[in-house]
Amino acid sequence: MAGKDILGEKISQSSIKNENMRAIFGEICAGDGVSRAEISERTGLSLMTVGKVADMLTKEGIIVQAKPATGNAGRRAGMLNVSDSHFILALDLCTAKFRATVMNLRLEDVDSVFYPYNDSLFPEDNLIIFFRETSSLLIKHLTSKKLVGTGICVPGEYDESTDTVITPRFKALDGLKIAETMRKSVGFTPDKIMNGVTASSRSCISALPENKRGCVICLDLDGGVNGSVFTSGKLLTRPSDFASIICKNERTLERNLSDNSLIADEEELCRQIGSALHPIISVLCPDSIFISSGEKKFTEWFPALLSSALSTDACHPEIFIENGKKTRNDMGISEIIRDGMINKL
């Protein structure tokens, strides 16, 4: 019988089943071989439930079970692992270097192609060339693997009704029809198109400890400033809202952070972020703040400086810094597509 959660919303048997499947699959993804008993202990689910889900995932070819090995060599019999027979195609249009990445079900990069934007060509021609190069990557992997789905990260809010990106950070995409251009180029449309900042935030939250995911502010400082607020895994704000926050000097946060004279050192950068986010933190009291810096590398003192700037009398959120790494866009949208695959089983 369906129950209710703390918000009074109905909890269906289907949603419980999907949650259990994601929890079990997550444990299998987390390591290199895990037993049913270990999954049961870690998730709190019964051994029978774990067994049924494992059998279903095995039947679908999503996971594999180690077979008994002769002698003492090889993995232990009965250990569950993620299959290499499925993949996700993630396309990132958020910078002038377009990227297509093949992700396995562990959300690891398997293969990728890059296309540097060519200003001498029309914007639509750039997109068509990139999609066609992506098609070659896709065909290469379809010879031995099954495509779970395709997702595209765009540099702004995607409007499905017009198939365009609203207020794109990368202006060359302004007005272009994303799904339609892909259909004309390669013959099919993507399963998911979403703001790259939102996708990245989804991946960031998954990287946090379970007890730090209640309320999370995710900031993306790669090539500007964008951010999202998530509570219990649900998006509360549009990423574009963060760029327009007014700071104490009456300028937007985006304008302040794009002015190199104002952020010549990390201490000043932390002050700018702190002055902008302080009112939000005072109201929400987040558990965590996740900062993605793109290729920019912060010093070892940056987390402490930022923590001091963001703490209030009543709230001291934990700061998580992803320092000098690529964006998590492809991981985030791949995770959403992977969850969709699990939900359909």
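Buried here means under 20% relative accessible area, while exposed means over 50% and partly exposed is in between, with a 1.4 Å probe and protein chains only. Helices (H or I, at least four residues) and strands (E, at least two) are DSSP runs, numbered from the N terminus. This is a predicted model, in which local features need pLDDT of at least 70 and side-chain atom pairs count only at pLDDT 80 or more, whereas totals for chains, interfaces and linings use all residues. Residues are numbered from 1 along each chain as its sequence is written, and side-chain values use heavy atoms, with hydrogens and water left out.

Staying with helix 6, its buried residues are Gly196, Val197, Thr198, Ala199, Ser200, Ser201, Ser203, Cys204 and Ile205. The helix has 12 residues and spans 17 Å from its first C-alpha to its last, close to the 16 Å expected at 1.5 Å a residue; the expected span is 1.5 Å times one less than the number of residues. Leaving out residues up to four places away in sequence, Ser200 touches Arg328 and Asn329, where contact means heavy atoms within 4.5 Å.

Asn329 leads us on to the next helix. Helix 6 (residues 196-207) packs against helix 11 (residues 329-344) at an angle of about 75°, with the axes 7 Å apart. That makes helix 6 roughly perpendicular to helix 11. On the helix 6 side, the contact is made by Gly196, Ala199, Ser200, Arg202, Ser203 and Ser206, and on the helix 11 side by Asn329, Met331, Gly332, Ile333, Glu335, Ile336 and Asp339. These contact residues divide into 4 nonpolar, 6 polar and 3 charged. In that count Ala, Val, Leu, Ile, Met, Phe, Trp, Tyr, Cys and Pro are nonpolar, Asp, Glu, Lys and Arg are charged, and the others, Gly among them, are polar. As for the geometry, axes are lines fitted to C-alpha atoms, for helices over the stretch in contact, and angles run from 0 to 180 degrees between N-to-C directions. Angles under 35 degrees count as roughly parallel, over 145 as roughly antiparallel, 65 to 115 as roughly perpendicular and the rest as oblique.

Arg22, found in helix 1, touches Asp339, Ile342 and Asn343, not counting residues up to four places away in sequence. Arg22 and Asn343 are 321 residues apart in sequence, yet 8.4 Å apart in space, C-alpha to C-alpha. Arg22 is partly exposed, with a relative accessible area of 31%.

Which elements give two or more residues to the largest nonpolar core? This core has 30 residues, and those with the most contacts inside it are Phe25, Ile28, Leu57 and Ile63. The elements in question are helix 1 (13-30), helix 3 (47-59), strand 4 (80-82), strand 5 and helix 11. Leu57 is in contact with Met21, Phe25, Ile62, Ile63, Ile342 and Leu345, leaving aside neighbours within four places in sequence. A second, separate core of 24 residues includes Leu93, Phe98, Leu173 and Ile178. A nonpolar core is a set of buried Ala, Val, Leu, Ile, Met, Phe, Trp, Tyr and Cys residues joined through side-chain atoms within 4.5 Å.

Now turn to helix 4 (residues 123-142), which has 20 residues and reaches 29 Å from its first C-alpha to its last, close to the 28 Å expected. Its buried residues are Asn126, Leu127, Ile128, Phe130, Phe131, Thr134, Leu137, Leu138 and His141. What covers them includes strand 5 (86-92), strand 6 (97-103), strand 7 (109-116), strand 8 (146-154) and helix 5 (178-186).

Two loop residues deserve a look. Asp163, between strand 9 (157-159) and strand 10 (164-166), has a positive phi of about 60° although it is not a glycine, and Asp163 is buried, with a relative accessible area of 10%. Cys285, between helix 9 (266-284) and strand 15 (288-292), has a positive phi of about 45° and counts as partly exposed at 35% relative accessibility.

Stepping back, the protein has 11 helices and 16 strands, and buried residues make up 46% of its 345 residues.
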